[in-house]
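Hello,

Here is the structure I promised to pass on to you. Have a look at it first, and then read my notes below.

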Amino acid sequence: MGLWQEIISVALVGTERQSLSLAGADAALGDFLSHLEAKESAPQLLSAAAVVAHWQRAGQLPMSAPPALLEPCEREELPHCSSRAGQYLTLMLQGQYKELIPEWLARVAAAGQRVPEQHLPELLELGRTRPELHELIPNVLGKRGHWLAAQNPDWNYAVAGDDETLWQTGSRAARLLILERLRLAEPELARERLITTWSQELADDRAAFLGTLRAGLSLADEPFLEQVLDERGKQVRRIATDLLARLPESQLCQRMAERVLPLLQLTPEPRLEVSLPEACDKAMIRDGIEPQPLHSSLGKKAGWLRQMLAATVLSRLEVNLNATPAQLVQAANAGEWAQALLEGWVTAAERQQNQVWAETLLREWLSGRTPGIAVEGLMAVLPPATREAVLLPLLQRDGGQQPNKRSIALLIQGCQHAWSPELSRIYLRISADSTNAELFSWLAQSRTQIIRCLDPALLEEAATAWAPTDQTRPAWWQRHLDEALALLQFRHDLIKEITP
């Protein structure tokens, strides 16, 4: 027991029960303590405590120099947004209409403004848990925000610039953002940077980083992606397969076409006759074909066919079978293997961004002849004007009274763009008409998404259309309309405040 601990122990139990021994003292300290008056135990204890305390303090090393002061941030160049726009952000950060934060960030950036300083810590912390905001937040931080982000490793996703050190030592979110930004500006440099650290990356990080190659994807990426096909990680191989399938000129797409084309024959009726693949060999597995397809509604061989079609160049299919997309889709529906064919073509149209095939498959689906095919992703392939051209005729017939209300709702949800006044007005009419209960019940599930697409200039028309009426509207329906109107009002005011 050290001398100081012994003094404390004696003090706690009392000098009447335990006497103080100074035997543990160093030579110089012990010599000094031996001169203390020892007539009474308590005064001796207190004197010893004072001497030892001063002795320890005298033996302490001086404090090290304080850390160097941080370099101050550069002078701001962007003006901050208005105080009222900042108030809208405050409400959203507190949880009210938080789904509009991405739009707020995008509009403030478009206006050439930045976030008020008091919001920087909270916004940066929000970005730490919301990866979808990583590309938006840095655009509105200003010099001070980027400086602040550099002081906290959890916020380095928002650090400005392409920092090689940050790529080597930053968090996964920061490194992912570096790749995303670099891929947009210098795609080849982004790929080379990924290659240099690929062997050291964790499996999950490899999958996330590889996905960034979708931006600016080109045949220059093919050699690296072909190497990834030989990796052990299944998720990484799937991403590589998907990327190569988006390159019609890639070796993978050519190999897949060589497998598929001999299996298809267009008859005069017309009908698409199919010979199913007999086996799934190692070469097919390397190219991304799952030996045990996940689609339970298809058999194993039909599942192989579907996967091969999903990576087959659609234009080559047209040339080899000498038919248009519409003719091929109709011929597929006339045959036995329509589901496998159409599902494969839907995936291929999405990957290849083939607008003609996307519109053809969408219209075939809406005809009711292919109800089991998931085509919602095809809407993203089409430009906004074509999306509305597909959708508007359906909604204009009796206020959208169609046999398949869920199909129409899925198409509306797929219209992720700023709606025209025409489409916005039709939605207002449908959502206010009590005879559209079935359709509105589907649309209500994506109310927030729809309000973000509605033309905000129609706020007054929405208030009139959605006001409580004498008609018997279910309580849940009116509640949705009230909440939608409040959200549209907030969005309208927010946009008005930010827009120059």
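Let me start with a definition: a residue is called buried if its relative accessible area is under 20%, exposed if over 50%, and partly exposed in between, using a 1.4 Å probe and protein chains only. By that rule, 45% of the 500 residues in the protein chain are buried.

Before going on, please keep in mind that this is a predicted model, in which local features need pLDDT of at least 70 and side-chain atom pairs count only at pLDDT 80 or more, while totals for chains, interfaces and linings use all residues. Residues are numbered from 1 along each chain as its sequence is written, and side-chain values use heavy atoms, with hydrogens and water left out.

Now the overall picture. The protein chain has 27 helices and two strands; helices (H or I, at least four residues) and strands (E, at least two) are DSSP runs, numbered from the N terminus. The C-alpha trace spans about 120 × 65 × 50 Å along its principal axes. The radius of gyration of the protein chain is 34 Å, whereas a compact globule of 500 residues would have one near 23 Å. That radius is taken over C-alpha atoms, and the globule rule is 2.2 Å times the number of residues to the power 0.38.

What share of the contacts with a separation of 6 or more joins residues 24 or more positions apart? The share is 67%, where contact means heavy atoms within 4.5 Å.

Next, the two strands. Strand S1 (residues 264-267) and strand S2 (residues 271-274) run antiparallel and are joined by four bridges; two strands pair if DSSP finds at least two bridges between them. S1 and S2 form a hairpin, with three residues between them. Leucine 266 stands opposite leucine 272 in S2.

Tryptophan 476 counts as partly exposed because its relative accessibility is 31%. Leaving out residues up to four places away in sequence, tryptophan 476 touches Ala437, Phe440, Ser441 and Ala444. Tryptophan 476 and serine 441 are 35 residues apart along the chain, and their C-alpha atoms are separated by 9.5 Å.

Isoleucine 498 is in helix H27 too. Is isoleucine 498 buried or exposed? Isoleucine 498 counts as buried, because its relative accessibility is 4%. Setting aside neighbours within four places in sequence, isoleucine 498 is in contact with Ala85, Trp104, Arg107, Val108, Ala111 and Gln113.

Val108 comes up again with arginine 114, whose contacts, not counting residues up to four places away in sequence, include Glu76, His80, Val108 and Gly142. Arginine 114 lies in the loop between helix H5 (101-110) and helix H6 (120-129). At 7% relative accessibility, arginine 114 counts as buried.

Glutamate 135 is partly exposed because its relative accessible area is 47%. Apart from residues up to four places away in sequence, glutamate 135 touches Leu177 and Glu180. From glutamate 135 to leucine 105 is 30 residues in sequence and 9.9 Å in space, C-alpha to C-alpha.

Enjoy exploring, and write back with any questions.

Best wishes
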